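Here is a model to go through by question and answer. Please look at the sequence and the coordinates before reading on.

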Amino acid sequence: MMDKHIEMSYCRFEGFKVLAKKYLDVIEHKLFGEIQRLLEETDMSPANVAKNLMSMSKKKKREPNVCLTGLIEVLKQAKEDMAAAKVKDANGKEAAAKKAKEKEEAEVKKAKEEDKGKDKEPEEANEDIKQGDK
């Protein structure tokens, strides 16, 4: 069995409007503006958007206000999660860069010490030769 990575697009406002019409029978709503802004700022699959639009009220009826408000909350959480992931990724990159720099500095220091040791060896050899001449 072979795993395949399937590239899927994220839900944007036009896709959301199709889902809102299908699941809530709503073409326009006062919350659409905020939903549009959040969809532009986050990456959420159409399946996740649809899942949030399909939630049922206790009366077994889909209430547009409840569903759309719930979607807004989920989108806000997704936006916060994305921001936190970016910070974590940036911190991880900074730490890796710092570690790489420290390693490089250690290697340079070690190379300098080795070069110093090599420079002393010929001097010591010259001293030995001079003393042998006496």
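The questions below concern a predicted model and go from its overall fold to single residues.

Q: In what order do the elements of the protein chain run from the N terminus on?
A: The protein chain has four helices and zero strands. From the N terminus on, the order of its elements is therefore α-α-α-α.

Q: Among contacts between residues at least 6 apart in sequence, what percentage join residues at least 24 apart?
A: Contact here means heavy atoms within 4.5 Å. For the protein chain, the share of such contacts that join residues at least 24 apart is 72%.

Q: Which residues does Leu71 contact, leaving aside its neighbours within four places in sequence?
A: Leaving aside neighbours within four places in sequence, Leu71 is in contact with Phe16, Ile35, Met44, Val49, Asn52 and Leu53.

Q: How wide is the arc that the buried residues of helix 1 cover around the axis?
A: The buried residues in helix 1 are Phe13, Phe16, Leu19, Ala20 and Leu24. They lie on the same side of helix 1, because the arc they cover around the axis is only 110°.

Q: Which exposed residues does helix 1 carry on the face turned away from its buried side?
A: An α-helix has 3.6 residues a turn, so residues three or four places apart point the same way. In helix 1, the face turned away from the buried side carries the exposed residues Glu14, Val18 and Lys22.

Q: What does helix 1 span from its first C-alpha to its last?
A: Helix 1 has 12 residues, and at 1.5 Å a residue 16 Å is expected. Close to that value, the span in the model is 15 Å.

Q: Within what arc do the buried residues of helix 2 fall?
A: In helix 2, the residues Phe32, Ile35, Leu38 and Leu39 are buried. These buried residues line one face of the helix, because seen down its axis they fall within an arc of 125°.

Q: Which backbone oxygen does the side chain of Asn52 reach?
A: Asn52 belongs to helix 3 (residues 46–53) and is buried, with a relative accessible area of 16%. Not counting residues up to four places away in sequence, Asn52 touches Cys67, Leu71 and Val74. At 2.7 Å, its side chain reaches the backbone oxygen of Asn48.

Q: How many disulfides does the structure hold?
A: Cys11 is buried at a relative accessible area of 3%, and Cys67 is buried at 1%. A disulfide needs two cysteine sulfur atoms within 2.5 Å. The number of disulfides in the structure is zero.

Notes: Residues numbered from 1 in each chain as written. Predicted model: local features only at pLDDT ≥ 70, side-chain atom pairs only at ≥ 80, totals over all residues. Heavy atoms only, no water. Buried < 20%, exposed > 50% of the residue type's maximum accessible area, 1.4 Å probe, protein only. Helix = DSSP H or I, 4+ residues; strand = E, 2+ residues; numbered from the N terminus. Polar contact = N/O pair within 3.5 Å; in protein donor to acceptor, adjacent residues only side chain to side chain. Expected span 1.5 Å × (residues − 1). Arc of directions from axis to C-beta.
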